[in-house]
Amino acid sequence: MKMMRLFSLFGGLLLPASIHAQDNIASLVPQVAQIIVTGHGEVKVSPDRATIQIAVQTRATTASEAAAQNATKQQAVLSALRALGLTNDQLSTVNYQVYPEQRYEQGKDPVISGYNVTNTIVADIRRLDQVGKVIDATLSHGANLISSLQFYSSNTQGARRTAIGSAIEMAHADAEAAAHAAGGTLGSLLELNVMAVNPPRPQPLMMARAAGVAQADTPINPGDETLGVDVVTRWRFLPSR
């Protein structure tokens, strides 16, 4: 029991000394002068795909009748899309609504005058030369609302690496300029962090095309997208002696 007390006391005496020794060692380590800069790189990317929302809206006196009419027209729309080569994995339903249409008269309760049904699908188009054909074909087969046309690039890995290189070059040039302005030279790279890539946002082309206004060979021009990358670098600074 006495030995245990002795070790406890001895350990308690050593602990502050150990911490004090560590503080002394840390104070002896030479501090390295550093320069921290960020860099940004951008690359233009040409989109090669598109998504578009295609809706069929129907109205009838009863909900079941409106739904039946809608189903018939939507089946025709889907058949037209498959005839263009789109597969089931490129077509997905994103919205289906049934809602009453009410008539209001002063002093009376609202009266349901009919029902509206909306069935919306999204088509993932993998060939841009098909976008105009998809719009025209669906409108001619019963669709009466086209919206949210967006272009995107399916492969951005090469562009991402190019943007990273540009961002590092910018950071290196800025670090060298800062070192010379501070009266020294730039040393070796100590740390490099590549931040989250800013992918090109899908380019929306807002459309609200109703049945009966479609034109043959609808012209589509997707344009280019911008992919951006940010880096954070830390460099050794060598002051002049």
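Okay, one definition before we start: two strands count as paired if DSSP finds at least two bridges between them. Strands themselves (E, at least two residues) and helices (H or I, at least four) are DSSP runs, numbered from the N terminus.

Now the housekeeping. This is a predicted model, so keep in mind that local features need pLDDT of at least 70 and side-chain atom pairs count only at pLDDT 80 or more, while totals for chains, interfaces and linings use all residues. Residues are numbered from 1 along each chain as its sequence is written, and side-chain values use heavy atoms, with hydrogens and water left out.

Let's begin with the sheet. Three strands form an open sheet in the order E1-E8-E6, paired antiparallel. Strand E1 (34–45) and strand E6 (184–194) sit at the edges with a single partner each, so one side of each has no neighbour in the sheet. From one strand to the next, the twist averages 30 degrees. E1 and strand E8 (residues 225–239) are joined by 12 bridges, and in that pair Gly 39 stands opposite Val 231 in E8. Helix H4 (residues 157–181) packs on this sheet and touches E1, E6 and E8; contact here means heavy atoms within 4.5 Å. The direction of H4 makes about 145 degrees with that of E1, where axes are lines fitted to C-alpha atoms, for helices over the stretch in contact, and angles run from 0 to 180 degrees between N-to-C directions.

So where are the greasy bits? A nonpolar core is a set of buried Ala, Val, Leu, Ile, Met, Phe, Trp, Tyr and Cys residues joined through side-chain atoms within 4.5 Å. Buried is under 20% relative accessible area, exposed is over 50%, and partly exposed is in between (1.4 Å probe, protein chains only). The largest core has 20 residues, and Ile 52, Ile 54 and Leu 81 are among those with the most contacts inside it. Strand E2 (49–60), helix H2 (63–83) and helix H3 (131–140) are among the elements that each supply at least two of its residues. A second, separate core of 17 residues includes Val 43, Ile 164, Leu 186 and Val 231.

Back to Ile 54: not counting residues up to four places away in sequence, its contacts include Val 77, Leu 81, Ala 123 and Val 134.

Ser 148 is partly exposed, at 22% relative accessible area.

Overall, the chain has 4 helices and 8 strands, and buried residues make up 31% of its 241 residues.
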